[in-house]
Amino acid sequence: MLSYVIFTLTLCGIYALLALSLNLIWGGVGLVNLGLAGFFAVGAYASAIATGAGAPVLIGWGAALVVGAVVGLVVTFATLRLRDDYLAIVTLGFAEVIRLVALNERWLTKGSDGISGIKAPLKAELGLQGFSLFYLGLVTLIVLVVWALLRRLDLSPYGRAMKAIREDQQLAAFAGKAVLRFKLQAFALSAAIAALSGALYAHFQSYISPDHFQPLITIYIFLAVTAGGVGRPSGAVLGAYLVVIFLEATRFATEWLPGLQPVQIAAMREMMIGVALILVLHLRPQGIMPERIPKAPRQPSPTA
Amino acid sequence: MTLLLQALINGLMTGALIAVPAIGFSAIFAVLRYPNFAIASYATIGAFAAWWANAVAGLPVIPALAIAFAVTGVVGVVAEETALKRLRDNGALIVAIASIALNLVLENIVRFIFGNDMKGYDLPLARDLRFGELRIGPQQLQSLALSVVIMAAMFLFLRYTRFGKAMRAVADNPDLARLKGIDPARIAIVTVFLGAGLSGVGGVLIGLDTSIDPLTGYRVLLSVFAAAVLGGLGSIPGAVVGALALGIAEELALIAVPATYRTAVGFVAILIMLTFRPRGILGERAT
């Protein structure tokens with residue numbers, strides 16, 4: 001039971017990072033990334049391959065960050081000047097292509113067999129139980145650090161410029177903001193965070209395969225961010241924890257239903273996710289923790 | 001040379017099949033201004049409705065296609081009115097996200113009823129037709145003929161009927177159309193019925209060639225997007241041209257890359273097109 005709780009909480013942290021990544025790009029500059037699962041996979045594979053080749057775990061995580069950011073720039077370079085719907089379509093395609101590459105480039109990713117035996121940091125020293133606790137602490141700490149940094153970013157002039165772009169990019173451009181550069185930077189940073197989350201996932205599971213990176217993960221994270229509150233890092237984190245708890249609850253709830261095939265139970269759980277997302281969008285689009293818009297700073301009066 | 005010619009023929013055939021759901025996607029995009037991801041599940045629902053009519057009830061292909069069109073059209077309208085309509089004021093991206101959730105729900109309703117197993121249509125077996133070195137399957141030929149007929153019907157509808165003209169008017173300029181007394185709510189319903197129905201028919205046409213399962217539609221989705229973007233997002237003739245171009249590009253690329261990368265060709269084609277000519281072959285504007 002304890003190990004189940006530790007496992008679930010670690011997963012919560014990993015999803016929280018994905019939610020923070022989506023919130024940065026969606027709540028920040030108003031773009032959507034439907035390829036989150038792809039960036040998640042890129043980070044996981046980057047770190048698994050780097051550490052598999054002998055690099056220390058921290059270097060693997062660094063590699064995931066860099067590869068994630070670079071891939072993010074490549075994917076969005078052609079589309080960021082266009083209307084937002086193009087980016088949605090391209091990122092969805094990107095996640096599918098990443099899955100195809102992971103399935104087919106056996107020399108790099110071992111195909112559908114997946115990569116096993118991914119290094120678990122300090123596992124030998126701490127033992128199984130100790131390692132899970134240590135890893136939970138580490139993931140939670142990383143979530144806290146990223147959350148604090150993104151919150152700081154939101155309140156900084158940079159964050160205000162991002163939100164100005166989200167609200168009206170023509171006006172922001174008119175006010176002298178380099179809209180394209182902000183979007184590129186925000187997307188690269190967001191992709192890097194998703195990739196880091198993937199790297200943490202890979203070393204947590206110690207085994208990854210293309211099946212771990214289904215497009216369904218992207219929908220989970222959209223549910224997390226909308227339920228928590230788009231535009232607010234605290235909301236994204238809260239939403240991620242709630243979504244994992246909701247997912248686990250649907251597992252227990254469907255176990256009680258009599259006379260259903262396993263495939264029907266799985267189908268019901270996925271249906272509940274879809275229904276939940278539609279309901280949140282209709283009933284509480286601002287989320288549990290709505291975005292707080294800070295008041296404009298008072299102008300010094302001309303007589304002072 | 002034969003290899004190239006065969007690739008060209010195969011490309012035109014698969015392109016013509018993709019064109020049908022691509023027209024559906026583009027029609028919805030042109031009138032309602034959002035990318036509808038739920039067309040994947042509409043294609044799946046169409047494929048299963050026709051499978052039921054054909055393999056269980058024993059109907060031939062053409063009545064089965066008509067049933068698929070009607071069923072998905074109705075499902076599309078009901079889904080749009082209950083799950084998406086009220087979100088239209090919140091912007092295209094929110095509706096798009098809701099359509100992804102809707103897609104997940106509908107796909108899993110199909111999975112709940114029919115399970116994950118592959119299903120095949122009950123079709124007479126026939127030998128490939130041969131023209132010298134070139135080979136064409138009679139089933140593919142029939143599907144090609146069907147998709148050409150469906151496309152022609154769609155163009156006649158848009159060109160000559162009142163609803164068709166009203167749809168084009170709303171797509172062109174919604175405010176002006178409203179001033180002229182065209183009711184946008186009614187046009188939206190007709191458009192969604194047609195768009196979903198065509199996606200459903202497309203799912204059947206693609207399934208006739210192979211077999212179907214609950215992910216049939218999702219696998220077609222990327223090709224449909226690629227066709228729509230290549231041709232110009234929101235342009236219906238563009239969707240046809242884009243689908244044919246994509247079909248040929250896929251077949252030509254498969255001479256050089258393994259067949260498993262078929263969907264990746266569409267993705268690369270989108271990126272190249274968006275870099276050099278973002279409005280697509282026949283589109284208007286992309287920014």
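Reply: Gladly! A nonpolar core is a set of buried Ala, Val, Leu, Ile, Met, Phe, Trp, Tyr and Cys residues joined through C-beta atoms within 7 Å. Keep in mind that this is a predicted model. The largest nonpolar core here has 204 residues, and Tyr15(A), Ala19(A) and Ala19(B) touch the most other members. Helix H9 of chain A, residues 179-205, gives the most to this core, with 17 residues.

Me: Which residues does Tyr15(A) touch, beyond those up to four places away in sequence?

Reply: They are Tyr220(A), Ile221(A), Ala224(A), Ala240(A), Val243(A) and Val244(A).

Me: What makes Gly24(B) count as buried or exposed?

Reply: The count of C-beta neighbours decides it: 20 or more within 10 Å means buried. Gly24(B) has 33 other C-beta atoms within 10 Å, so Gly24(B) is buried. Gly24(B) lies in helix H1 of chain B. Leaving aside neighbours within four places in sequence, Gly24(B) is in contact with Ile39(B), Leu194(B), Gly195(B), Ala196(B), Leu198(B), Ser199(B) and Gly202(B). The C-alpha atoms of Gly24(B) and Ser235(B) are separated by 11 Å, although these residues are 211 residues apart along the chain.

Me: And how do you know whether Ala48(A) is buried or exposed?

Reply: The cut-off is again 20 or more C-beta atoms within 10 Å. Ala48(A) has 29 C-beta neighbours inside 10 Å and therefore counts as buried. Ala48(A) is found in helix H2 of chain A, residues 36-52, and touches Ile115(A), Ile118(A), Ala202(A) and Ile208(A), not counting residues up to four places away in sequence. From Ala48(A) to Leu100(A) is 52 residues in sequence and 18 Å in space, C-alpha to C-alpha.

Me: What makes H6(B) roughly perpendicular to H8(B)?

Reply: The axes of helix H6 of chain B (residues 162-172) and H8(B) come within 10 Å and cross at roughly 110°. That value falls between 65 and 115 degrees, so H6(B) is roughly perpendicular to H8(B). Phe163(B), Ala166(B), Met167(B) and Val170(B) of H6(B) meet Pro184(B), Ile187(B), Val190(B) and Thr191(B) of H8(B). These residues divide into seven nonpolar, one polar and no charged.

Me: Lastly, how many residues does each chain give to the contact between A and B, and which element of chain A gives the largest share?

Reply: Chain A gives 34 residues and chain B gives 39. On chain A, the elements that give two or more residues are helix H4 (84-104), helix H10 (216-228) and helix H12 (262-283). H12(A) has the largest share of that side, 13 residues. By class, the side of chain A has 22 nonpolar, six polar and six charged residues.

Key
Residues numbered from 1 in each chain as written. Chains lettered and ligands numbered in written order. Predicted model: local features only at pLDDT ≥ 70, side-chain atom pairs only at ≥ 80, totals over all residues. Contact = placed C-beta atoms within 7 Å. Helix = DSSP H or I, 4+ residues; strand = E, 2+ residues; numbered from the N terminus. Nonpolar A, V, L, I, M, F, W, Y, C, P; charged D, E, K, R; others polar. Buried ≥ 20, exposed ≤ 12 C-beta atoms within 10 Å, placed from the backbone. Axes fitted to C-alpha atoms, helices over the stretch in contact; angles between N-to-C directions. Parallel < 35°, antiparallel > 145°, perpendicular 65-115°, else oblique.
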